[in-house]
Amino acid sequence: MAPVDAATRWRLLLVLSAVGLGATGVPQPPNILLLLMDDMGWGDLGVYGEPSRETPNLDRMAAEGMLFPNFYTANPLCSPSRAALLTGRLPIRNGFYTTNGQARNAYTPQEIVGGIPDTELLLPELLKAAGYVSKIVGKWHLGHRPQFHPLKHGFDEWFGSPNCHFGPYDNRARPNIPVYRDWEMVGRFYEEFPINQKTGEANLTQIYLQEALDFIKRQQAAQRPFFLYWAIDATHAPVYASKPFLGTSQRGRYGDAVREIDDSVGKILSLLQDLRITENTFVFFTSDNGAALISAPKQGSNGPFLCGKQTTFEGGMREPAIAWWPGRIPAGQVSHQLGSVMDLFTTSLSLAGLEPPSDRVTDGLNLLPAMLQGKLMDRPIFYYRGNTLMAVTLGQYKAHFWTWTNSWEEFRQGIDFCPGQNISGVTTHTQEEHTKLPLVFHLGQDPGERYPLSFASPEYLDVLRRITPVVEQHQEALVPGQPQLNVCNQAVMNWAPPGCEKLGKCLTPPESVPEKCSWLH
(Lines give C-alpha, C1' and ligand atoms only; values in the text may rest on other atoms or scores of the structure.)
Protein backbone atom coordinates (compact mmCIF):
# COMPACT_ATOMS: atom_id res chain seq x y z
CA MET A 1 0.00 0.00 0.00
CA ALA A 2 1.38 3.42 -0.92
CA PRO A 3 1.94 5.67 2.10
CA VAL A 4 -0.20 8.78 2.44
CA ASP A 5 1.86 11.85 3.25
CA ALA A 6 1.16 13.94 6.35
CA ALA A 7 -0.31 16.84 4.38
CA THR A 8 -2.76 14.58 2.58
CA ARG A 9 -3.76 12.89 5.84
CA TRP A 10 -4.33 16.28 7.48
CA ARG A 11 -6.49 17.52 4.58
CA LEU A 12 -8.48 14.28 4.76
CA LEU A 13 -9.05 14.79 8.50
CA LEU A 14 -10.36 18.27 7.77
CA VAL A 15 -12.75 16.85 5.18
CA LEU A 16 -13.98 14.09 7.47
CA SER A 17 -14.38 16.38 10.46
CA ALA A 18 -16.62 18.62 8.37
CA VAL A 19 -18.71 15.77 7.04
CA GLY A 20 -21.10 15.30 9.94
CA LEU A 21 -21.59 15.15 13.66
CA GLY A 22 -23.27 12.29 15.43
CA ALA A 23 -25.86 12.64 18.15
CA THR A 24 -23.11 13.13 20.74
CA GLY A 25 -21.47 15.94 18.79
CA VAL A 26 -18.48 13.74 18.01
CA PRO A 27 -17.37 13.84 14.35
CA GLN A 28 -19.00 10.93 12.54
CA PRO A 29 -17.21 9.12 9.71
CA PRO A 30 -19.02 8.94 6.37
CA ASN A 31 -21.42 6.19 5.46
CA ILE A 32 -20.05 3.75 2.86
CA LEU A 33 -22.09 2.15 0.06
CA LEU A 34 -20.36 -0.35 -2.21
CA LEU A 35 -22.59 -1.33 -5.13
CA LEU A 36 -21.15 -4.51 -6.68
CA MET A 37 -22.71 -5.86 -9.85
CA ASP A 38 -22.45 -9.42 -11.14
CA ASP A 39 -20.93 -10.13 -14.59
CA MET A 40 -21.57 -6.56 -15.72
CA GLY A 41 -19.13 -5.44 -18.39
CA TRP A 42 -17.11 -2.24 -18.85
CA GLY A 43 -19.19 -1.36 -21.91
CA ASP A 44 -22.63 -1.78 -20.34
CA LEU A 45 -23.12 1.84 -19.24
CA GLY A 46 -23.97 4.81 -21.44
CA VAL A 47 -21.13 6.80 -19.90
CA TYR A 48 -18.74 4.13 -21.21
CA GLY A 49 -20.18 4.37 -24.72
CA GLU A 50 -23.04 1.84 -24.74
CA PRO A 51 -25.04 3.11 -27.75
CA SER A 52 -28.58 2.55 -26.47
CA ARG A 53 -27.97 4.97 -23.57
CA GLU A 54 -30.26 3.11 -21.18
CA THR A 55 -28.46 3.91 -17.91
CA PRO A 56 -29.41 7.56 -17.18
CA ASN A 57 -29.01 7.27 -13.42
CA LEU A 58 -25.56 5.71 -13.54
CA ASP A 59 -24.54 8.18 -16.24
CA ARG A 60 -25.70 11.02 -13.97
CA MET A 61 -23.84 9.44 -11.05
CA ALA A 62 -20.68 9.64 -13.18
CA ALA A 63 -21.44 13.25 -14.17
CA GLU A 64 -21.82 14.17 -10.50
CA GLY A 65 -18.80 12.13 -9.42
CA MET A 66 -15.65 10.52 -10.76
CA LEU A 67 -15.26 7.92 -13.49
CA PHE A 68 -12.44 5.36 -13.37
CA PRO A 69 -11.85 3.95 -16.88
CA ASN A 70 -8.84 1.90 -15.68
CA PHE A 71 -10.40 -0.03 -12.80
CA TYR A 72 -9.82 -3.76 -12.36
CA THR A 73 -11.13 -6.78 -10.55
CA ALA A 74 -8.67 -9.08 -8.78
CA ASN A 75 -9.81 -12.20 -10.63
CA PRO A 76 -11.97 -12.92 -13.71
CA LEU A 77 -14.48 -14.92 -11.64
CA CYS A 78 -17.03 -14.09 -8.96
CA SER A 79 -15.97 -15.69 -5.65
CA PRO A 80 -12.25 -14.78 -5.73
CA SER A 81 -12.98 -11.20 -6.75
CA ARG A 82 -15.46 -10.78 -3.87
CA ALA A 83 -12.98 -12.27 -1.40
CA ALA A 84 -10.39 -9.79 -2.68
CA LEU A 85 -12.74 -6.82 -2.30
CA LEU A 86 -13.66 -7.63 1.30
CA THR A 87 -10.11 -8.50 2.42
CA GLY A 88 -8.10 -6.06 0.31
CA ARG A 89 -5.89 -8.99 -0.68
CA LEU A 90 -5.23 -10.97 -3.84
CA PRO A 91 -7.04 -14.34 -3.96
CA ILE A 92 -3.67 -16.10 -3.99
CA ARG A 93 -3.12 -14.62 -0.52
CA ASN A 94 -6.60 -15.07 0.99
CA GLY A 95 -7.00 -18.67 -0.21
CA PHE A 96 -9.62 -18.20 -2.92
CA TYR A 97 -7.89 -20.30 -5.56
CA THR A 98 -7.25 -23.94 -6.42
CA THR A 99 -4.14 -26.04 -6.91
CA ASN A 100 -6.07 -28.85 -8.62
CA GLY A 101 -4.69 -27.64 -11.95
CA GLN A 102 -2.61 -24.78 -13.29
CA ALA A 103 -4.40 -21.50 -13.98
CA ARG A 104 -7.83 -22.96 -13.22
CA ASN A 105 -10.70 -20.65 -12.36
CA ALA A 106 -12.47 -21.86 -9.22
CA TYR A 107 -15.36 -20.48 -7.19
CA THR A 108 -17.87 -21.56 -4.52
CA PRO A 109 -20.63 -23.78 -5.93
CA GLN A 110 -22.72 -25.37 -3.22
CA GLU A 111 -20.65 -28.55 -3.14
CA ILE A 112 -17.48 -26.64 -2.19
CA VAL A 113 -16.07 -27.50 1.23
CA GLY A 114 -13.96 -24.36 1.70
CA GLY A 115 -14.74 -20.70 2.21
CA ILE A 116 -13.33 -17.52 3.66
CA PRO A 117 -10.76 -18.47 6.34
CA ASP A 118 -11.17 -17.22 9.91
CA THR A 119 -7.67 -15.82 9.66
CA GLU A 120 -8.79 -13.27 7.05
CA LEU A 121 -10.06 -9.93 8.37
CA LEU A 122 -12.98 -8.61 6.37
CA LEU A 123 -13.93 -4.97 5.92
CA PRO A 124 -17.10 -5.05 8.09
CA GLU A 125 -15.14 -6.63 10.96
CA LEU A 126 -12.62 -3.82 10.90
CA LEU A 127 -15.22 -1.06 10.49
CA LYS A 128 -16.76 -2.05 13.83
CA ALA A 129 -13.85 -0.25 15.51
CA ALA A 130 -15.24 3.01 14.09
CA GLY A 131 -18.82 2.25 15.13
CA TYR A 132 -20.20 1.13 11.76
CA VAL A 133 -23.29 -1.04 11.34
CA SER A 134 -22.86 -3.28 8.28
CA LYS A 135 -25.29 -5.07 5.98
CA ILE A 136 -24.84 -7.28 2.94
CA VAL A 137 -27.69 -7.43 0.43
CA GLY A 138 -27.47 -10.08 -2.29
CA LYS A 139 -24.84 -12.68 -3.09
CA TRP A 140 -22.22 -13.60 -0.49
CA HIS A 141 -20.31 -16.33 -2.38
CA LEU A 142 -17.50 -16.77 0.16
CA GLY A 143 -18.68 -20.14 1.43
CA HIS A 144 -22.10 -21.40 2.53
CA ARG A 145 -21.24 -23.69 5.45
CA PRO A 146 -22.01 -22.35 8.96
CA GLN A 147 -18.45 -21.21 9.74
CA PHE A 148 -18.42 -19.02 6.64
CA HIS A 149 -21.69 -17.18 7.34
CA PRO A 150 -21.31 -13.41 6.72
CA LEU A 151 -22.57 -12.56 10.20
CA LYS A 152 -19.59 -14.50 11.56
CA HIS A 153 -17.29 -12.26 9.52
CA GLY A 154 -18.38 -8.82 10.63
CA PHE A 155 -21.73 -8.14 8.97
CA ASP A 156 -24.62 -7.28 11.31
CA GLU A 157 -27.38 -7.99 8.79
CA TRP A 158 -27.84 -10.06 5.65
CA PHE A 159 -30.57 -10.53 3.12
CA GLY A 160 -29.56 -12.66 0.17
CA SER A 161 -28.05 -15.96 -0.88
CA PRO A 162 -24.78 -17.79 -0.24
CA ASN A 163 -24.44 -18.96 -3.88
CA CYS A 164 -25.45 -18.08 -7.43
CA HIS A 165 -29.16 -18.33 -8.32
CA PHE A 166 -28.63 -21.39 -10.50
CA GLY A 167 -31.52 -23.82 -10.74
CA PRO A 168 -34.18 -24.94 -10.47
CA TYR A 169 -33.14 -28.23 -8.90
CA ASP A 170 -35.24 -31.19 -7.81
CA ASN A 171 -34.17 -31.05 -4.12
CA ARG A 172 -33.15 -34.70 -4.42
CA ALA A 173 -29.93 -34.80 -6.43
CA ARG A 174 -29.31 -31.14 -5.67
CA PRO A 175 -31.11 -28.65 -3.41
CA ASN A 176 -32.33 -25.24 -4.51
CA ILE A 177 -30.25 -22.36 -3.18
CA PRO A 178 -31.54 -20.82 0.08
CA VAL A 179 -32.26 -17.14 0.67
CA TYR A 180 -31.30 -15.86 4.12
CA ARG A 181 -32.43 -13.13 6.41
CA ASP A 182 -29.61 -12.72 8.89
CA TRP A 183 -28.85 -16.11 10.50
CA GLU A 184 -31.65 -18.19 9.00
CA MET A 185 -33.06 -19.11 5.61
CA VAL A 186 -36.45 -17.65 4.69
CA GLY A 187 -36.99 -19.64 1.51
CA ARG A 188 -35.28 -20.94 -1.61
CA PHE A 189 -34.82 -19.66 -5.14
CA TYR A 190 -37.45 -21.03 -7.55
CA GLU A 191 -39.73 -21.72 -4.58
CA GLU A 192 -40.53 -18.81 -2.24
CA PHE A 193 -38.36 -16.60 -4.47
CA PRO A 194 -39.40 -17.54 -8.02
CA ILE A 195 -37.36 -16.92 -11.16
CA ASN A 196 -39.20 -17.70 -14.37
CA GLN A 197 -36.53 -19.05 -16.67
CA LYS A 198 -38.76 -18.86 -19.72
CA THR A 199 -39.73 -15.19 -19.37
CA GLY A 200 -36.91 -14.01 -17.11
CA GLU A 201 -39.37 -12.53 -14.63
CA ALA A 202 -38.24 -12.25 -11.00
CA ASN A 203 -38.83 -9.62 -8.35
CA LEU A 204 -35.45 -10.04 -6.66
CA THR A 205 -33.92 -6.71 -7.67
CA GLN A 206 -36.94 -4.90 -6.22
CA ILE A 207 -36.61 -6.89 -3.00
CA TYR A 208 -32.89 -6.10 -2.81
CA LEU A 209 -33.62 -2.43 -3.47
CA GLN A 210 -36.14 -2.26 -0.64
CA GLU A 211 -33.70 -3.95 1.73
CA ALA A 212 -31.14 -1.25 0.91
CA LEU A 213 -33.58 1.62 1.31
CA ASP A 214 -34.93 0.33 4.63
CA PHE A 215 -31.43 -0.19 6.02
CA ILE A 216 -30.33 3.33 5.07
CA LYS A 217 -33.42 4.88 6.67
CA ARG A 218 -33.00 2.93 9.90
CA GLN A 219 -29.33 3.77 10.32
CA GLN A 220 -29.88 7.43 9.50
CA ALA A 221 -32.70 7.62 12.06
CA ALA A 222 -30.38 6.10 14.67
CA GLN A 223 -27.54 8.46 13.64
CA ARG A 224 -25.13 5.55 13.17
CA PRO A 225 -22.49 5.34 10.43
CA PHE A 226 -23.26 2.44 8.14
CA PHE A 227 -21.62 0.20 5.57
CA LEU A 228 -23.93 -1.23 2.91
CA TYR A 229 -22.54 -3.88 0.56
CA TRP A 230 -25.19 -4.17 -2.19
CA ALA A 231 -24.11 -7.25 -4.16
CA ILE A 232 -27.01 -7.97 -6.49
CA ASP A 233 -26.93 -10.55 -9.27
CA ALA A 234 -29.61 -9.84 -11.90
CA THR A 235 -27.02 -9.61 -14.71
CA HIS A 236 -25.59 -13.07 -13.92
CA ALA A 237 -27.11 -15.91 -15.94
CA PRO A 238 -29.93 -16.80 -15.73
CA VAL A 239 -30.59 -13.08 -16.19
CA TYR A 240 -33.80 -11.72 -14.67
CA ALA A 241 -35.83 -8.52 -14.28
CA SER A 242 -39.17 -7.60 -12.74
CA LYS A 243 -42.28 -7.36 -14.91
CA PRO A 244 -42.26 -3.54 -15.39
CA PHE A 245 -38.77 -3.75 -16.94
CA LEU A 246 -39.12 -6.89 -19.07
CA GLY A 247 -39.18 -6.10 -22.77
CA THR A 248 -38.22 -2.44 -22.29
CA SER A 249 -34.59 -2.53 -23.47
CA GLN A 250 -33.15 -2.46 -26.96
CA ARG A 251 -30.62 -5.01 -25.69
CA GLY A 252 -32.99 -7.83 -24.79
CA ARG A 253 -33.38 -9.42 -21.38
CA TYR A 254 -29.87 -8.50 -20.25
CA GLY A 255 -30.63 -4.88 -21.04
CA ASP A 256 -33.89 -5.17 -19.08
CA ALA A 257 -31.84 -6.25 -16.03
CA VAL A 258 -29.39 -3.39 -16.50
CA ARG A 259 -32.24 -0.87 -16.79
CA GLU A 260 -33.76 -2.13 -13.53
CA ILE A 261 -30.40 -1.91 -11.79
CA ASP A 262 -29.94 1.63 -13.11
CA ASP A 263 -33.38 2.58 -11.84
CA SER A 264 -32.57 1.05 -8.44
CA VAL A 265 -29.29 2.93 -8.14
CA GLY A 266 -31.19 6.11 -8.97
CA LYS A 267 -33.64 5.43 -6.12
CA ILE A 268 -30.80 4.78 -3.66
CA LEU A 269 -29.05 8.04 -4.56
CA SER A 270 -32.36 9.92 -4.41
CA LEU A 271 -32.99 8.63 -0.90
CA LEU A 272 -29.56 9.87 0.21
CA GLN A 273 -30.45 13.28 -1.22
CA ASP A 274 -33.89 13.28 0.45
CA LEU A 275 -32.27 12.44 3.79
CA ARG A 276 -29.69 15.18 3.18
CA ILE A 277 -26.78 12.87 3.84
CA THR A 278 -25.07 12.94 0.44
CA GLU A 279 -22.09 14.89 1.79
CA ASN A 280 -21.75 12.29 4.51
CA THR A 281 -22.05 9.22 2.25
CA PHE A 282 -19.41 7.72 -0.04
CA VAL A 283 -20.82 5.57 -2.86
CA PHE A 284 -18.85 3.39 -5.28
CA PHE A 285 -20.29 1.38 -8.18
CA THR A 286 -18.40 -1.45 -9.92
CA SER A 287 -18.63 -5.12 -11.02
CA ASP A 288 -17.06 -8.38 -9.87
CA ASN A 289 -15.64 -9.37 -13.28
CA GLY A 290 -16.17 -8.78 -16.98
CA ALA A 291 -19.28 -9.71 -18.91
CA ALA A 292 -19.76 -13.42 -19.62
CA LEU A 293 -19.32 -13.48 -23.37
CA ILE A 294 -19.88 -17.24 -23.39
CA SER A 295 -23.57 -16.27 -23.68
CA ALA A 296 -22.99 -13.63 -26.42
CA PRO A 297 -24.82 -11.80 -27.79
CA LYS A 298 -27.37 -12.24 -25.01
CA GLN A 299 -25.09 -10.99 -22.23
CA GLY A 300 -23.17 -7.83 -21.53
CA SER A 301 -20.55 -5.77 -23.30
CA ASN A 302 -16.87 -5.36 -22.48
CA GLY A 303 -16.56 -2.43 -24.85
CA PRO A 304 -13.34 -2.38 -26.91
CA PHE A 305 -11.60 -4.96 -24.74
CA LEU A 306 -10.57 -8.52 -25.54
CA CYS A 307 -12.58 -11.54 -24.37
CA GLY A 308 -14.57 -11.63 -21.12
CA LYS A 309 -15.24 -13.39 -17.84
CA GLN A 310 -12.97 -16.37 -17.10
CA THR A 311 -10.00 -14.77 -18.91
CA THR A 312 -7.23 -12.40 -17.84
CA PHE A 313 -7.52 -10.34 -21.00
CA GLU A 314 -8.87 -6.83 -20.44
CA GLY A 315 -12.47 -7.83 -21.10
CA GLY A 316 -12.40 -10.25 -18.17
CA MET A 317 -10.66 -7.95 -15.71
CA ARG A 318 -11.45 -4.28 -16.45
CA GLU A 319 -14.65 -3.04 -14.81
CA PRO A 320 -17.01 -0.08 -14.89
CA ALA A 321 -16.30 2.09 -11.85
CA ILE A 322 -17.88 5.29 -10.52
CA ALA A 323 -17.18 7.14 -7.25
CA TRP A 324 -19.87 9.52 -5.95
CA TRP A 325 -19.56 11.81 -2.94
CA PRO A 326 -21.20 15.18 -3.66
CA GLY A 327 -19.37 18.12 -2.15
CA ARG A 328 -16.26 16.00 -1.53
CA ILE A 329 -15.34 14.36 -4.85
CA PRO A 330 -15.33 17.02 -7.60
CA ALA A 331 -18.11 16.44 -10.13
CA GLY A 332 -17.54 15.42 -13.72
CA GLN A 333 -14.03 14.13 -13.22
CA VAL A 334 -12.21 11.24 -14.91
CA SER A 335 -9.32 9.62 -13.02
CA HIS A 336 -6.75 7.62 -14.97
CA GLN A 337 -5.51 6.07 -11.75
CA LEU A 338 -5.06 2.30 -12.09
CA GLY A 339 -7.60 1.05 -9.58
CA SER A 340 -8.65 -2.31 -8.16
CA VAL A 341 -11.61 -3.71 -6.22
CA MET A 342 -9.07 -4.34 -3.45
CA ASP A 343 -8.64 -0.57 -3.15
CA LEU A 344 -12.22 -0.32 -1.89
CA PHE A 345 -11.10 -2.15 1.27
CA THR A 346 -8.25 0.25 2.02
CA THR A 347 -10.15 3.35 0.92
CA SER A 348 -13.12 2.45 3.12
CA LEU A 349 -10.85 1.98 6.12
CA SER A 350 -9.27 5.36 5.47
CA LEU A 351 -12.72 6.97 5.31
CA ALA A 352 -13.41 5.48 8.73
CA GLY A 353 -10.12 6.81 10.09
CA LEU A 354 -8.66 3.31 10.33
CA GLU A 355 -5.45 1.69 9.10
CA PRO A 356 -5.24 -1.70 7.34
CA PRO A 357 -4.05 -4.59 9.53
CA SER A 358 -0.29 -4.38 10.06
CA ASP A 359 0.27 -8.14 10.42
CA ARG A 360 -0.36 -9.01 6.76
CA VAL A 361 0.14 -7.75 3.23
CA THR A 362 -2.67 -5.55 1.93
CA ASP A 363 -2.79 -5.21 -1.85
CA GLY A 364 -5.36 -2.41 -2.00
CA LEU A 365 -4.37 1.26 -2.25
CA ASN A 366 -6.10 4.18 -0.59
CA LEU A 367 -7.74 5.96 -3.53
CA LEU A 368 -8.73 9.10 -1.60
CA PRO A 369 -5.74 11.13 -2.87
CA ALA A 370 -6.85 10.28 -6.42
CA MET A 371 -10.49 11.08 -5.69
CA LEU A 372 -10.14 14.21 -3.58
CA GLN A 373 -6.99 15.76 -5.03
CA GLY A 374 -6.58 14.23 -8.48
CA LYS A 375 -3.29 12.56 -7.61
CA LEU A 376 -2.00 9.59 -9.60
CA MET A 377 -0.12 6.82 -7.82
CA ASP A 378 2.21 4.43 -9.63
CA ARG A 379 1.26 0.81 -8.98
CA PRO A 380 1.09 -2.54 -10.78
CA ILE A 381 -2.06 -4.53 -11.50
CA PHE A 382 -1.48 -8.28 -11.18
CA TYR A 383 -3.74 -10.59 -13.21
CA TYR A 384 -4.09 -13.99 -11.55
CA ARG A 385 -6.01 -16.97 -12.85
CA GLY A 386 -6.10 -19.56 -10.09
CA ASN A 387 -2.57 -20.15 -8.83
CA THR A 388 -0.86 -18.57 -11.85
CA LEU A 389 0.27 -15.00 -12.46
CA MET A 390 -0.90 -14.54 -16.05
CA ALA A 391 -0.09 -10.88 -16.66
CA VAL A 392 0.79 -7.52 -15.13
CA THR A 393 -0.01 -3.93 -16.11
CA LEU A 394 2.31 -1.09 -15.21
CA GLY A 395 1.40 2.34 -16.49
CA GLN A 396 0.13 2.00 -20.06
CA TYR A 397 1.79 -1.37 -20.70
CA LYS A 398 0.53 -4.88 -20.09
CA ALA A 399 2.80 -7.93 -20.19
CA HIS A 400 1.35 -11.43 -20.59
CA PHE A 401 3.40 -14.27 -19.07
CA TRP A 402 0.80 -16.91 -19.91
CA THR A 403 -2.09 -16.89 -22.38
CA TRP A 404 -5.09 -19.21 -22.33
CA THR A 405 -8.80 -18.91 -22.96
CA ASN A 406 -10.04 -22.49 -22.57
CA SER A 407 -9.23 -25.91 -23.96
CA TRP A 408 -9.71 -26.95 -27.58
CA GLU A 409 -12.09 -29.63 -26.33
CA GLU A 410 -14.37 -27.07 -24.68
CA PHE A 411 -14.03 -24.65 -27.59
CA ARG A 412 -15.14 -27.33 -30.07
CA GLN A 413 -18.20 -27.93 -27.87
CA GLY A 414 -19.19 -24.28 -28.37
CA ILE A 415 -17.77 -22.84 -25.13
CA ASP A 416 -16.12 -19.63 -26.32
CA PHE A 417 -14.89 -16.92 -23.95
CA CYS A 418 -13.82 -14.66 -26.84
CA PRO A 419 -16.57 -14.93 -29.50
CA GLY A 420 -15.63 -13.12 -32.69
CA GLN A 421 -12.25 -12.16 -31.28
CA ASN A 422 -9.79 -14.88 -32.27
CA ILE A 423 -6.27 -13.41 -32.30
CA SER A 424 -3.54 -15.81 -33.39
CA GLY A 425 -0.95 -16.42 -30.68
CA VAL A 426 -2.95 -14.44 -28.10
CA THR A 427 -6.37 -16.04 -27.50
CA THR A 428 -4.82 -19.49 -27.25
CA HIS A 429 -6.64 -22.75 -26.48
CA THR A 430 -3.56 -24.31 -24.92
CA GLN A 431 -1.68 -22.81 -21.99
CA GLU A 432 1.14 -20.92 -23.66
CA GLU A 433 4.08 -19.72 -21.57
CA HIS A 434 5.69 -16.35 -22.33
CA THR A 435 7.72 -15.87 -19.15
CA LYS A 436 11.01 -15.51 -21.05
CA LEU A 437 9.61 -13.13 -23.68
CA PRO A 438 6.28 -11.73 -22.46
CA LEU A 439 3.68 -10.52 -24.94
CA VAL A 440 3.52 -6.75 -24.33
CA PHE A 441 0.69 -4.42 -25.36
CA HIS A 442 0.36 -0.65 -25.08
CA LEU A 443 -3.16 -0.43 -23.67
CA GLY A 444 -3.53 3.25 -24.47
CA GLN A 445 -2.90 2.68 -28.18
CA ASP A 446 -4.17 -0.91 -28.34
CA PRO A 447 -6.87 -1.51 -25.69
CA GLY A 448 -8.05 -4.62 -27.54
CA GLU A 449 -4.66 -6.40 -27.09
CA ARG A 450 -4.38 -7.16 -30.79
CA TYR A 451 -0.90 -5.89 -31.67
CA PRO A 452 1.94 -7.01 -29.38
CA LEU A 453 5.09 -4.91 -29.41
CA SER A 454 8.00 -6.23 -31.45
CA PHE A 455 10.44 -8.14 -29.25
CA ALA A 456 13.34 -6.30 -30.88
CA SER A 457 11.96 -2.77 -30.45
CA PRO A 458 13.57 -0.33 -27.99
CA GLU A 459 10.08 0.28 -26.56
CA TYR A 460 9.67 -3.44 -25.74
CA LEU A 461 13.11 -3.66 -24.12
CA ASP A 462 12.44 -0.54 -22.03
CA VAL A 463 9.09 -1.93 -20.82
CA LEU A 464 10.71 -5.25 -19.94
CA ARG A 465 13.38 -3.46 -17.88
CA ARG A 466 10.69 -1.71 -15.86
CA ILE A 467 8.25 -4.59 -15.42
CA THR A 468 10.70 -7.42 -14.65
CA PRO A 469 11.87 -6.17 -11.21
CA VAL A 470 8.28 -5.42 -10.17
CA VAL A 471 7.22 -8.99 -10.95
CA GLU A 472 10.32 -10.52 -9.37
CA GLN A 473 9.79 -8.57 -6.16
CA HIS A 474 6.14 -9.59 -6.02
CA GLN A 475 6.84 -13.27 -6.59
CA GLU A 476 9.77 -13.45 -4.18
CA ALA A 477 7.74 -11.93 -1.34
CA LEU A 478 4.49 -13.82 -2.06
CA VAL A 479 3.24 -16.20 0.63
CA PRO A 480 0.20 -18.02 -0.81
CA GLY A 481 -2.71 -18.72 1.50
CA GLN A 482 -4.08 -22.19 2.09
CA PRO A 483 -6.17 -22.99 -1.03
CA GLN A 484 -9.87 -23.13 -0.16
CA LEU A 485 -11.26 -24.33 -3.48
CA ASN A 486 -9.74 -27.78 -3.83
CA VAL A 487 -12.27 -30.08 -2.11
CA CYS A 488 -15.91 -30.74 -3.03
CA ASN A 489 -18.51 -32.90 -1.30
CA GLN A 490 -22.16 -33.42 -2.27
CA ALA A 491 -23.02 -33.80 1.42
CA VAL A 492 -22.17 -30.17 2.27
CA MET A 493 -24.67 -28.64 -0.17
CA ASN A 494 -27.59 -26.54 1.08
CA TRP A 495 -29.65 -29.49 2.26
CA ALA A 496 -30.59 -28.23 5.73
CA PRO A 497 -29.57 -24.59 6.26
CA PRO A 498 -30.30 -22.88 9.60
CA GLY A 499 -34.00 -22.11 9.86
CA CYS A 500 -35.09 -24.88 7.48
CA GLU A 501 -36.97 -26.70 10.26
CA LYS A 502 -39.25 -23.67 10.83
CA LEU A 503 -40.24 -23.71 7.16
CA GLY A 504 -40.43 -27.46 6.71
CA LYS A 505 -37.62 -27.09 4.16
CA CYS A 506 -34.95 -29.42 5.57
CA LEU A 507 -33.65 -32.03 3.14
CA THR A 508 -31.66 -35.21 3.80
CA PRO A 509 -28.02 -35.02 2.67
CA PRO A 510 -26.30 -37.93 0.92
CA GLU A 511 -23.34 -39.82 2.35
CA SER A 512 -20.24 -37.67 2.80
CA VAL A 513 -17.71 -38.35 0.02
CA PRO A 514 -14.99 -35.68 -0.17
CA GLU A 515 -13.26 -35.46 -3.55
CA LYS A 516 -11.07 -33.16 -5.59
CA CYS A 517 -13.09 -30.45 -7.31
CA SER A 518 -12.84 -30.54 -11.10
CA TRP A 519 -12.18 -27.14 -12.65
CA LEU A 520 -12.17 -27.38 -16.44
CA HIS A 521 -10.92 -23.89 -17.20
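Tyr229 counts as buried in this predicted model, since its relative accessibility is 0%. Tyr229 is one partner of an aromatic pair with Phe155, and a search of the whole structure finds 19 aromatic pairs.

**Aromatic contacts**

- The rings of Phe155 and Tyr229 are stacked, with a centre-to-centre distance of 6.1 Å and an angle of 20 degrees between the planes.
- Phe155 belongs to the loop between strand S4 (133-139) and strand S5 (157-161), whereas Tyr229 belongs to strand S8 (residues 226-231), so the pair ties together parts that lie 74 residues apart in sequence.
- Phe155 is also classed as buried, at a relative accessibility of 2%.
- Among the 19 aromatic pairs found in the whole structure, that of Tyr107 and Trp519 is tilted, because the ring centres are 5.7 Å apart and the planes stand at 55 degrees.
- This pair links distant parts of the chain, with Tyr107 in the loop between helix H4 (91-94) and helix H5 (123-127) and Trp519 in the segment after strand S21 (515-516), 412 residues apart.
- The two partners fall into separate accessibility classes: Tyr107 is partly exposed at 23% relative accessibility, while Trp519 is buried at 12%.
- One aromatic cluster is formed by Phe68, Phe71, Phe282, Phe284 and Trp325.
- A charged side chain also meets a ring, in that Arg174 lies over the face of Tyr169 at 5.5 Å from the ring centre.

- On the H2 side the contact is made by Pro56, Asn57, Leu58, Met61 and Glu64, and on the H7 side by Asp262, Asp263, Val265, Gly266, Leu269 and Gln273.
- Sorted by class, the residues in the contact of H2 with H7 are 5 nonpolar, 3 polar and 3 charged.
- Helix H6 (residues 204-222) packs with H7 at an angle of about 10 degrees and with the axes 10 Å apart; H6 and H7 are therefore roughly parallel to each other.
- From H6, Thr205, Gln206, Leu209, Ala212, Leu213, Ile216 and Lys217 meet Glu260, Ser264, Lys267, Ile268, Leu271 and Leu272 of H7.
- The contact of H6 with H7 comprises 7 nonpolar, 3 polar and 3 charged residues.

**The covered helix H3**

- Helix H3 (residues 78-87) is mostly covered, with 10 of its 10 residues buried, and the buried residues include Arg82 as well as Leu85 and Leu86.
- The buried residues of H3 pack against strand S1 (31-37), H4, H5, S4, S8 and helix H9 (343-351).
- Gly88, which comes just after H3, takes a positive phi of about 70 degrees.

**Surroundings of Arg145**

- Arg145 is placed in the loop between S4 and S5, and with a relative accessible area of 23% Arg145 is partly exposed.
- Apart from neighbours within four places in sequence, Arg145 is in contact with Ile112, Val113 and Val492.
- Arg145 and Gly115 lie 30 residues apart in sequence, and their C-alpha atoms are 7.9 Å apart in space.

Technical notes: Residues numbered from 1 in each chain as written. Predicted model: local features only at pLDDT ≥ 70, side-chain atom pairs only at ≥ 80, totals over all residues. Heavy atoms only, no water. Phe/Tyr/Trp six-rings, centres within 6.5 Å; stacked < 30°, edge-to-face > 60°. Helix = DSSP H or I, 4+ residues; strand = E, 2+ residues; numbered from the N terminus. Buried < 20%, exposed > 50% of the residue type's maximum accessible area, 1.4 Å probe, protein only. Lys NZ or Arg CZ within 6 Å of the ring centre and 35° of its normal. Contact = heavy atoms within 4.5 Å. Nonpolar A, V, L, I, M, F, W, Y, C, P; charged D, E, K, R; others polar. Axes fitted to C-alpha atoms, helices over the stretch in contact; angles between N-to-C directions. Parallel < 35°, antiparallel > 145°, perpendicular 65-115°, else oblique.
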